[in-house]
Amino acid sequence: LFKLGEFKRLVQDFRSVADFLIIYIQEAHATDGWSFRNNIEIQSHKNLQDRLNAAQILLKQNLPCPVVIDSMNDETASKYGALPERLYVLQSKKVIYKGGLGPFGYKPESVRAVLQKNN
């Protein structure tokens, strides 16, 4: 998973001024696709129930915000260029921060700086 500890601290520190949401998208490291060792066993989602089941694994991480899932046509991932993961900050329906692609561009500290500046 992404830098979960940093993300949890971010939500805790800014929950009074920002709403947080995780959108579970297509599995980036499915065991029947491009995967690596010691990863969670999740196969590619063939239907919405598969995606819901995979999201349940994420929910076991005691996340500090709501989790929703992307549609099977990957509408959100496509519109936001989010595969495998990406952070965004929206304000008044406008994107004010678009992070780099994860895992290397996934930087909760950059989101922290944006929220501090705009708070």
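How many Å² does the accessible surface of the chain come to, and what percentage belongs to carbon and sulfur atoms? The accessible surface comes to about 7900 Å², with 50% belonging to carbon and sulfur atoms (areas from the Shrake-Rupley method with a 1.4 Å probe; for residues, only the protein chains shown count as cover).

A quick note before the views: this is a predicted model, in which local features need pLDDT of at least 70 and side-chain atom pairs count only at pLDDT 80 or more, while totals for chains, interfaces and linings use all residues. Residues are numbered from 1 along each chain as its sequence is written, and side-chain values use heavy atoms, with hydrogens and water left out.

**View 1. The chain and its elements.** Welcome to the overview: the chain has 4 helices and 4 strands (DSSP runs numbered from the N terminus, helices being H or I with at least four residues and strands E with at least two). Their order from the N terminus is α-β-α-β-α-β-β-α. The average pLDDT of the chain is 83, and 83% of the residues score at least 70 (pLDDT is the predictor's confidence in each residue, from 0 to 100). Among the elements, the lowest mean pLDDT, 86, belongs to helix H2 (residues 48-59), and the highest, 94, to helix H4 (residues 108-117). Of the 119 residues, 31% count as buried (under 20% relative accessible area; exposed is over 50% and partly exposed lies in between, with a 1.4 Å probe and protein chains only).

**View 2. Helices H1 and H4 side by side.** The axes of H1 (residues 4-14) and H4 come within 9 Å and cross at roughly 15° (axes are lines fitted to C-alpha atoms, for helices over the stretch in contact, with angles from 0 to 180 degrees between N-to-C directions). H1 is therefore roughly parallel to H4 (angles under 35 degrees). From H1, the residues Glu6, Phe7, Arg9, Leu10, Asp13 and Phe14 meet Pro108, Glu109, Val111, Arg112, Leu115 and Gln116 of H4 (contact means heavy atoms within 4.5 Å).

**View 3. Asn62 in its loop.** Here we look at the loop between H2 and strand E2 (67-69), where Asn62 lies. Asn62 is not a glycine, yet has a positive phi of about 55°. Most residues other than glycine have a negative phi. At 61% relative accessibility, Asn62 counts as exposed.

**View 4. Lys93 between two strands.** The loop between strand E3 (88-91) and strand E4 (94-98) holds Lys93. Lys93 also is not a glycine and has a positive phi, about 65°. With a relative accessible area of 83%, Lys93 is exposed.

Definitions and conventions
Angles under 35 degrees count as roughly parallel, over 145 as roughly antiparallel, 65 to 115 as roughly perpendicular and the rest as oblique.
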